[in-house]
Amino acid sequence: MVYFLLDLAVLGSITAIMLVGLNLQYGVTGLINFTFYTFVAVGAYMTAVTMMGKPAAVYATGPLAEQYILQWSLPWPIALFIGGISAAILGLFVVLVAVRRLRSDYLAIVTVAVGFIVYNVINNAVQLFDGANGLFDIPQIANLATEPYSLYLILVSVILLAVCMWVSHRIYHSPAGRVLRVIREDTIVARTFGKNVQLFQIIVFVISSFMAGISGGLLVFYVGAWSPAAFLPTESFLLIAALIIGGNGNHWGALIGSFVILEGLAELTRLLPNSISASAVGPIRAILIGVGLILFLRFRPQGILPESLLKPYKPRRIPRQAAAVPVPNANVAGNVPNIAGTAAVDPAAEEAQ
Amino acid sequence: MTEGANSIPALHAKGAHEVHDFGALGSVAPVLDIQNVAFHYGGVQALAGATFKVPKGKVTGLIGPNGAGKSTLVEVIAGGLRPSEGQILYDGTNIAGLPREQIFRLGITRTFQQTRLLPRLSVLENVMMSAQNQVGENMGLAIFGARKWEPQERELIDRADYLLDWLQLGRLRDQPARVLSGGQRRLLEIARALMSEPRLLVLDEPGAGVYPALMRLIGERIREIVSDSVSVLLVAHNMSFVSLVCDYVVVMDQGRVLTAGQLDEVRANKSVVEAYLGF
């Protein structure tokens, strides 16, 4: 039970960082990225190769020889930062290529292509990250036994998750966040009112890619290995599904998506009867999430925690001063009977409907 | 009045003091001088050398039958379409072909023929998004410098509240824009446009699909908006609305300008009667 909870807490907080990043990208700004997990993978690989040093003697030569670039032995916080920066640089490259066309479907197709390219390069260029064999024996960031080490990683992950949540919260509740939501709703309107759509899209894509890279680094700290099998396209699909079910556009919904949908469900599959083989557990989880996604899209598209629960920055109404009046001839305001409201749809009734 | 617009030198560039004889309106400086503007969608010529001037500080109506090229011209003025020929002088500066963002920063704001509100954003946010020069739109300050943008944000909220009250949408300020009726959407588009403190407001059929009493309110508000520093170019079909609101009328047909003048003058024009008015 303790192991179950520790596992849930570590993996939940790491995937929550991913989903907070994905929420900024997709939920808030409307940028569709079908290969978000590729950025997680880049962060994982780069964190690993900048901290694990040279291969152990047993893996230095011979048929089991482990090959990878850099082979640095940097302290883990620096390695983690490099992992985040590497993913952010890939994100910058992708978004610079894709954002020239403002249509979100164009970006989505570019991300699919990038995912295939990165996967195949890493899988086949053995000298980069040891190809299909992947990296293993990635050292722990603290010399502790299993359970204290999990607690240590929980502490690190939760701190980083809190930072990501804070950044996401500050962005969402600022005028910049308002622009991101305008871009999500209608890029033509955003441009018509002078917003630099491309710049905002680039910044958000880079920030969320950085978060993906950080979460990838944390993952290799926990699992101690990484290979192309860890970032199949299904993983990106599961992230998007978890975000939609949790509450697209709401960073608290991202937490629900992570802890309850992704990791909670994965842990619950442990309760499956022994007659079901271990290899079937992953597909069963994916099927459950897929069915959940369909049901939510049909019956509750706003997710468990809808974006509407987030209250944008709204200070108390300050008594108006005459000097603030922006409209010429404002003295006539109020002379016209209130007829605008007579055609209004009752908001409560509309919501209920 | 217009902090953002005043910071743009082009607004006060050459031609700002030149005047044009607008007939019964007298000699007025044009805010917009459209010269021989042409545009075609593939093989269809939507604008075929449209030429006219928009007087400063007045409401100019742009009328004509369906397919006359009015909305295409609005798109061209607002930067949505690049004309194949011609010039559009805004206070003496050619703005033809500039992107939407730049046109907006010069002080030209438009509304849309089919309203384009942001359905999931609140009514208040729909208005606030259009304010120029928002400090908090800098991503760095958004994350780390709330103290730098919050005072401005409070002022903007106050101004947006004023506009919403003025357009009788105040009680809906916190509702998502999707719950508004058709007429209220038109009003909200006007509020959003005014929030940017435009010098030229381009309204594309602001009275379309609106019941008469609300249309009268929109018309009255448009009259109140106009001042020495705010001009309006308005596309409309409804002649009673045009007569209520417009100082000057330009009639288009088949991508060209048939005539321009005060409504009584254009009504007397035989080609206008044949092409549009039908009497």
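Since we're looking at a prediction, let's check the scores before anything else. The model as a whole comes with an ipTM of 0.91 and a pTM of 0.89. For chain B, the mean pLDDT is 90, with 92% of the residues at 70 or more.

There's one stretch of chain B to watch out for: across residues 1-16, pLDDT stays under 50. The model still gives that stretch 32 contacts beyond four places in sequence.

## Chain B as a whole

Chain B has 279 residues, and 52% of them count as buried.

Now take the contacts in chain B with a separation of 6 or more: 68% of them are between residues 24 or more positions apart.

## A four-stranded sheet in chain B

Strands of a sheet pair through backbone hydrogen bonds, and they can do it in a parallel or an antiparallel way. In chain B, four strands make an open sheet, and the pairing is antiparallel. Reading across, the order is β4-β3-β6-β7. The edges of this chain B sheet are β4 (44-55) and β7 (93-94), each of which pairs on one side only.

Strand β6 of chain B, residues 85-90, pairs with β7(B) over two bridges, in the antiparallel sense. B:Leu89 has B:Asn94 in β7(B) as its bridge partner.

A helix packs on this sheet too: α2 of chain B, residues 70-78. Helix α2 touches β3 (30-41), β4 and β6 of chain B, and its direction makes about 65° with that of β4(B).

## Two crossing helices in chain A

Over in chain A, look for helix α1 (residues 2-28) and helix α11 (residues 233-247). Their axes come within 10 Å and cross at roughly 75°. Angles of 65 to 115 degrees count as roughly perpendicular, and α1(A) and α11(A) are therefore roughly perpendicular to each other.

Which residues of α1(A) and α11(A) meet? On the α1(A) side they are A:Met18, A:Leu19, A:Leu22, A:Asn23, A:Tyr26 and A:Gly27. On the α11(A) side they are A:Leu239, A:Ile240, A:Ala242 and A:Leu243.

Conventions
Residues are numbered from 1 along each chain as its sequence is written. Chains are lettered from A and ligands numbered from 1 in the order in which they are written. This is a predicted model: local features need pLDDT of at least 70, side-chain atom pairs count only at pLDDT 80 or more; totals for chains, interfaces and linings use all residues. Two strands pair if DSSP finds at least two bridges between them. Two residues are in contact if their C-beta atoms, placed from the backbone, lie within 7 Å. Axes are lines fitted to C-alpha atoms, for helices over the stretch in contact, and angles run from 0 to 180 degrees between N-to-C directions. A residue is buried if 20 or more other C-beta atoms lie within 10 Å of its own, exposed if 12 or fewer, and partly exposed in between; C-beta atoms are placed from the backbone. pLDDT is the predictor's confidence in each residue, from 0 to 100. Angles under 35 degrees count as roughly parallel, over 145 as roughly antiparallel, 65 to 115 as roughly perpendicular and the rest as oblique.
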